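This briefing goes through a protein model by topic. Keep the structure in view while reading.

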Amino acid sequence: MSSYRERLWPSIWIYLATALVIPASSLVLAPVNIVAGVVAAGVLFVGLAGIFIVLAPVIEVKDGMLIAGKARIPVELLGTPSIFRGGAATLQRGQRLDARAWLCLRGWVDPVVKIPLEDPDDPTPYWLVSSRNPEGLTAALSA
């Protein structure tokens, strides 16, 4: 049974920015064949949108495990999580980032949760995970 589950879907702005492939590919192929340009534009946009949907990671707390994308770790090996937003989140993703940390970040999700690891055998100091509902994630990890 899952106590927390979230999928980091791309925001609408990502899809709008991706829509710029439509006029770009149409303009490239229009001198050759206008129909080919329109078809290629549609295929490119749908393909890119599909890639964004398929590759959106899932953050889940389930059966005593934290699952973030393809990685999983038992909750009992985790310390007290911290929530960062805005400028503090930017610092955690950049200047204050430890190169040994495990990351599950998406640029279109501002808040991040820093989850320290209490396992002395693991060289990873913490996990840094994007979350649209960081309070819900930290509550599930603390429960």
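Which residues are exposed on the other side of helix 3? They are V35, V43, V46 and V54. The model is predicted.

**Helix 3**

- Helix 3 covers residues 34–54, which makes 21 residues.
- G37, A40, A41 and A49 are buried in helix 3.
- The buried residues of helix 3 fall within an arc of 155° when seen down its axis, so they line one face of the helix.
- These buried residues pack against helix 1 (12–18) and helix 2 (21–29).
- The N-terminal end of helix 3 is capped by N33, which has a side-chain oxygen 3.0 Å from the backbone nitrogen of V35.

**Nonpolar cores**

- In soluble globular proteins, nonpolar side chains tend to be buried together.
- The largest nonpolar core here has 20 residues, and those that touch the most other members are I59, V61, L66, I115, W127, L137 and L141.
- Two or more residues of this core come from each of strand 2, strand 3 (65–68), strand 4 (71–74), strand 7 (112–116), strand 8 (126–130) and helix 5.
- Helix 5 gives the most to the core, with three residues.
- There is also a second, separate core of six residues, and A89, A101, V112 and L128 are among them.

- L66 is found in strand 3.
- With a relative accessible area of 0%, L66 lies under the 20% cut-off, so L66 counts as buried.
- Leaving aside residues up to four places away in sequence, L66 touches E60, V61, A71, R72, I73, V75, L78, I115, W127, L137 and L141.
- L66 and D110 are 44 residues apart in sequence, and their C-alpha atoms are 20 Å apart in space.

**Salt bridges**

- R5 and E60 meet through their side chains in a salt bridge, at 3.8 Å from N to O.
- R5 lies in strand 1 (residues 2–7) and E60 in strand 2 (residues 58–62), so this pair ties together parts that are 55 residues apart in sequence.
- R5 counts as exposed at 52% relative accessibility, whereas E60 counts as buried at 10%.
- E135 and R85 also meet in a salt bridge between their side chains, at 2.5 Å from N to O.
- This pair links distant parts of the chain, 50 residues apart: E135 is in helix 5 (residues 134–142), and R85 is in the loop between strand 5 (82–84) and helix 4 (86–93).
- E135 is partly exposed at 41% relative accessibility, and R85 is partly exposed at 41%.
- In the salt bridge between R100 and D98, the closest N and O atoms are 2.8 Å apart.
- R100 counts as exposed at 52% relative accessibility, while D98 is partly exposed with a relative accessible area of 22%.

Technical notes
Residues numbered from 1 in each chain as written. Predicted model: local features only at pLDDT ≥ 70, side-chain atom pairs only at ≥ 80, totals over all residues. Heavy atoms only, no water. Salt bridge = Lys/Arg side-chain N within 4 Å of Asp/Glu carboxyl O. Helix = DSSP H or I, 4+ residues; strand = E, 2+ residues; numbered from the N terminus. Buried < 20%, exposed > 50% of the residue type's maximum accessible area, 1.4 Å probe, protein only. Expected span 1.5 Å × (residues − 1). Arc of directions from axis to C-beta. Contact = heavy atoms within 4.5 Å. Polar contact = N/O pair within 3.5 Å; in protein donor to acceptor, adjacent residues only side chain to side chain. Core = buried A, V, L, I, M, F, W, Y, C linked by side-chain atoms within 4.5 Å.
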